[in-house]
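Here's a friendly walk through the structure you have open. Take a look at it first, then read on.

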Amino acid sequence: MTRKKVTIDGNEATAYVAYHVNEVCAIYPITPSSPMGEWADEWAAKGIPNIWGTVPKVVEMQSEGGASAALHGALQGGALATTFTAAQGLLLMIPSMYKIAGELSPATIHVSARTVATHALSIFGDHSDVMAVRQTGWALLASNCVQEAQDFALIAQAATLESRVPFLHFFDGFRTSHEVAKIEQLTLDDMRAMIPEELIRAHRARAMTPDKPVLRGTAQNPDVFFQAREACNPYYLACPTIVQNVMDRFAKLVGRQYHLFDYLGAPDADRVIVLMGSGAEVAHELVEYMTARGEKIGIVKVRLFRPFSTEAFLKALPPTTKAIAVLDRTKEPGAIGEPLYQDVVTALVEGLNSGVAPFEKMPRVIGGRYGLSSKEFTPAMVKAVFDELAAERPKNHFTIGINDDVTHTSLPYDPDFSTEDPQAFRGLFFGLGADGTVSANKNSIKIIGEETDNYAQGYFVYDSKKAGAVTISHLRFGPNPIHSSYLITKANFVACHQFSFLERFDVLEAAMPGATFLLNSYYGPEEVWDHLPRTVQRHIIEKKLRFYVIDAYKVAAETDMGSRINTIMQTCFFAISGILPRDEAIQKIKEAIEKTWGKRGEAIVKKNFAAVDAALAHLHEVKVPDRITSTFDIRPPVPPEAPEFVQRTLAPIIAGKGDTVPVSAFPPDGTFPTATSQWEKRNIALEIPVWDEQLCIQCGKCVLVCPHATIRAKVYDAKWLESAPPTFKHAPARWREFKDMKYTLQVAPEDCTGCALCVEACPVKSKTEVKHKALNMAPQPPLREQERVNWEFFLKIPDMDRRLLSPAQVKDNQLFRPLFEFSGACAGCGETPYIKLLTQLFGDRLVIGNATGCSSIYGGNLPTTPYCVDHNGRGPTWNNSLFEDTAEFALGLRLAINQQTEYARWLVRQLSHIIGDELAAALLEADQSTEKGIYEQRERVALLRQKLEGVETREARDLRALADSLVRKSVWGIGGDGWAYDIGYGGLDHVLASGEKVNLLVLDTEVYSNTGGQMSKATPLGAVAKFAFGGKPQPKKDLAMMAMTYGNVYVARVAFGFNDMQTVKALLEAEAYEGPSIVIAYCHCIAHGYDLVHGLDQQKAAVQSGYWPLFRYNPALLKEGKNPLQLDSKAPTLPLEKYIYNETRYSMLRHSNPEAAKRLLEAAQEAVLRRWKQYEYLAAMPVAAPESVAAGNPGGKEGE
Amino acid sequence: MDLTTTYLGLHLKNPVVISASPLSEEIDNIRRMEDAGAAAVVLHSLFEEQLTLESQELDRRLSETTGVFAEALSYFPDMTTYNLGPEGYLEHIRKAKAAVSIPVIASLNAVSSGAWIRFAKSIEEAGADALELNIFTLQTDPTVTSGQIEDAYCELVRQVAGTVRIPVSVKLTPYFTAMANMARRLQQAGARGLVLFNRLYQPDFDLEALEVKHTLQLSTPYESLLRLHWVAILYGRVNVDLAVTGGFHGGTDVIKAMMAGAKVAQVASAVLKNGIPHVGRILEEMRTWMQEHEYESVRQMQGSMSQRSVANPNAFLRANYMKVLSSYSLRA
């Protein structure tokens, strides 16, 4: 039988099988497994049946804990069920996993193995998650590449049904889950053939049903639990044989033979490496290369890690084995060795003891760690391990791939050593996220993979910044199977789709001699040379590169493609790489365009065709001069004045050389300095705002809305202007109380993302030409140097004394220095203005616990982070605990602060004889409700320290250490709607009920933004989201209303784009309220699907339509006899459709399913109006005074 | 009493036709129009430019958010279809035809000549009884002459009329310098009917926000005068069916249109304002008037007050102030 060849990634390959052989998928998004659930959801929404003809039910849960519980229930109900997860998600499933295994319920779950967060979060791949569940009683089956991910998904499903041991099938996150490769696709008949129907019937027969009642989940006592637990042993003993039998059946059917342990290498090898996952593919490549050169080496690929078959393992080893290295892609601090190492040692010892080992003498065994968090693992590193095995005293418990200069665990390796296939094509493509490079490359792989006999592989490296994100595509094609599960460092084709990258990264470092270089260049073939940095010129000359340029932006503009240069660059790639005949390639590109974009409308196909046709006419080969002429080079990643830590640790990461940073450069506990984003100048804005100081009314709105704190205002003494740079702008300050001072609005030209929200927010228009505002966008390059100097000068001007300003007034509080700057958030982000405002209001006393999500990524992803400090060195302190626990984490922070404050106050009382009664009393009774109050308390604390100087009692020492806790701290838990409405809701609710002074800020984008727009319970009725393919049929949860029911929680709903004053008021009141508070903030988001320059307009429309009513519920008002609920917006004046149909998340349903859209719109409109009435009613309710009950008539007798 | 008329070769039970408006986007509304007595319905327009813009907008949003971040390879599910071609409109024609027995006239506004022809063919295949070409290009290029614009109109009509078998009418703007000549040229190009006149989008200013406001005001009966004027002039001068649209709100407005020489009066604003049953009231008012004035049929009155049928043809030719002066002089 011939099977279809498809070019897909590991997630899709796995989901394809999992979907077809299950009835229920209980899912929850987590990187890098989310796409598996998304595929299942999409197929189910499209009505695609499984192999038995029914459409699987896909249900999104509130957390992985929920998903695993639903899985448990579905299995007990007799369904074939699965889930997809990774990392912390898998850990949340552990309790259910014990139950499922304990009940011998057959199931297979699929894990794209990912690093568990420790000192830091990482979304990338290693085995720390799967190794954390190896004790649960689940079988662990590892696949190493995309083909195996598909095959093992089926093998696991067949084996679990037969063995009744539940299976966890895993593959490496990103390296396999996201690698696109050409594989042979299993047919539905293959799946049917592999899964005997009698086993399914047996599973169903075990289901809970009142027709044949049983009881599971008993509670057992010391007398019997132990014995009962041992009863499952026969199943585990039988399991490995069952798996091997299934693998043999699979081989017969499909032709690919797998074993529990697959040996590859010389039959008489003396050195063997044992490992699993994608690293085994790399080792495979190295072993083939070295054995062909006579080396006596081999590898054992571990397939079935649990249950571990000692017998099968020993059988796999050559009898000649003298030395074994076991490589673990995980770390267990404190253990004798990592899990696979320990198992191998145990297996060898047991095998020798029982005489089943193929050799008589115990081989030398060493263990090592590699590849944590998708750290590159290359043939050079595998070779280094083999070399180490050959050493007389090989290092045990080593690491490979890093430079451990602290505990010296690392092995040296030769980075230039390469086993790359000389017949293979290797291309590197540097693009911008927004220019479509990745999409085009995925198309190219499909074209080459599916239209030629070549094997194909694609892997994509993304940026950790969202604005101006860089992507690097690694593409391999060739006549031989590709085992290269590592990045390309020896490329024969390099394309740079953005000219500005040449100045930022060494894009040609990986180019091999004679390689081809394609550059998207504004400069033509005659003039481009002198615009290249010296390093680039040197590479081109020394490596004798063939050099081509195309002005892709010009072609894109002429063909109505905007900034999408992908098909243009793709056409050039095919034209000069020669992988396919030129005409055939163009034909295939057009077919791919039609297939990929056809359903988006004819206009899209046409313009892409036009771009393809126009591309080649603009492609030119450059005649390369023979000498370096350039007067400039790649910019240093950070300026020389950056602090030492930034220079040593962060600068190489910025330059793309993070792999070279040694262990000693890192804090051992994950503690990093703040205020580092200022050193990373990314220069990503094409245009920046320019201030018209004559027109400006100095309202501060632009400063408030700026997502990246790149436009700022200061009021200052005129004397500062004496040393101002010549182009520094200023105007007389328009404040009554500062009328003799100057005002400047300054842009940080190298940090601005060019989102233009500030221009949108500007309320002033010129009287002679209304399009001219007090802020206007202008091209950045000509302004860059001048404004850089101005910005530096601006920063030197001191901030206004906070005591002189009114925090409640936007005009005033926008003179407060933001202590959150230059984050990696999307251009135009709707979340960051709230965080920035929070830091302006309370930044110097702010403690943040942050849920995982967008705000933790732009808040804490290396290389540089945005929380920063004021001129006193004070600023927010920040930590991301987990996704689900932020409210509780913040509560813990609060309790710690409270205890320290209490102790400090006790010490003040104890030491009042030293401090002085007056100061002690002032410290204890200080009113810290204002900036002035806090300022004065800080002065008292300074005085206190002076008084305590030299006093060497325990109390005095303690008070000196804790004195700062006498100053009020502002504790905030921050997170998105995924946290607040779903996974963290239980904890959030508990903290609101605690009565403690914890503030919670919910950045509500109405979807899981960070993981790609999956539905949350905050997703509105009628909106399309992932997992809500047909538009969400249920209304958004009214979290505010739920919080209000406590009565003693401060609750506000805000939208700064509609009313910034109300947002400010809400944050101030929340902080002032002596109890828990929650502020739910409307955040426009890229996941809503419109140009975010209209974010403020959409916020207005959301409020005007009544969709997002603004209000504040302040329980403190009850004491004044007032209704605590105050509505801050008016009754709906805008039909809901005028708001929602500006957004793709709604409009795409109107296109795809107009009838459903209409029905949902009507329901949504009705819900909006009804809810408004509810709020109105609540806000108008008279406040019942407590005495009214006593004064009432308990008998209830009427008419008296 | 005989209210019947013919328009574009279609036999209509009366001269009240619903003109293109958002109301016809709902099949239910079209049914109710028939129930209220409307003789035919012109569907809302198929706008090629809108399809293109929607395509581009969707494509932009889906593309710019795809393949950008490691954790979010995309933000939206991939739908089976987005209906961004004319299919939705064609399906609407089919549904309308199945729902009502009155003629269904499609309306088309395209940009490229290829699309005009392709869409016109599809519309015919979908079962429309006639096609109204809603030609609207606002030429702002000062180098383009009126002659070039007129030529383009005629060429377009020639191509479409030469492609489809169903009758084609053209909805015109009132801004032709040589309206009568233009009417004749369109007739020669193959138009079977002219609809006078398109109500053009007129931007307003928001003085607080200093922004251009997008407004679409409902028509007022005053606007009907311009239409009456031109129908009266063109009647008998060109051999096409004339239709009026814009400001015809009541039964007497329709009667005036008939007397000027129109075959039908298209109504929209009055129905948008007063609801679909208003069609019945228009017809009732017509009947009452005709009864009171002893008219037997609509045909009888059609053209009875056209320029060539009135006592003083000059009444249609003088400008306003001339008339005023002459009135003064008469009194004197």
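## Ground rules

Helices (H or I, at least four residues) and strands (E, at least two) are DSSP runs, numbered from the N terminus. This is a predicted model, where local features need pLDDT of at least 70, side-chain atom pairs count only at pLDDT 80 or more, and totals for chains, interfaces and linings use all residues. Residues are numbered from 1 along each chain as its sequence is written, while chains are lettered from A and ligands numbered from 1 in the order in which they are written.

## Chain A as a whole

Chain A holds 43 helices and 39 strands. Its radius of gyration (taken over C-alpha atoms) is 32 Å, close to the 33 Å from the globule rule for 1200 residues, so chain A is as compact as a globular protein of that length. The rule itself is 2.2 Å times the number of residues to the power 0.38. Along the principal axes, the C-alpha atoms of chain A fill a box of roughly 90 × 90 × 75 Å.

Of the 1200 residues in chain A, 55% are buried, meaning that 20 or more other C-beta atoms, placed from the backbone, lie within 10 Å of the residue's own.

## A sheet and its helices

Now zoom in on an open sheet of seven strands in chain A, with mixed pairing and the order S10-S12-S11-S14-S15-S16-S17. Two strands pair if DSSP finds at least two bridges between them. At the edges sit strand S10 (261-265) and strand S17 (410-411) of chain A, each pairing on one side only. Strands S11 (residues 271-275) and S12 (residues 297-302) of chain A pair in the parallel sense over five bridges, and A:Val272 stands opposite A:Gly298 in S12(A).

Helix H12 (residues 279-291) of chain A lies across S10, S11, S12, S14 and S15 of chain A, at about 160° to S12(A). Helix H14 (residues 339-354) of chain A lies across S11, S12, S14 and S15 of chain A, at about 150° to S14(A). Axes are lines fitted to C-alpha atoms, for helices over the stretch in contact, with angles from 0 to 180 degrees between N-to-C directions.

## Where the chains meet

Contact between two residues means that their C-beta atoms, placed from the backbone, lie within 7 Å. By that test, 32 residues of chain B are in contact with 40 residues of chain A. Helix H2 (residues 48-64) of chain B gives the largest share of chain B's side, nine residues.

The complex gets an ipTM of 0.93 and a pTM of 0.94. Chain B averages a pLDDT (the predictor's confidence in each residue, from 0 to 100) of 91.

Notes:
A residue is buried if 20 or more other C-beta atoms lie within 10 Å of its own, exposed if 12 or fewer, and partly exposed in between; C-beta atoms are placed from the backbone.
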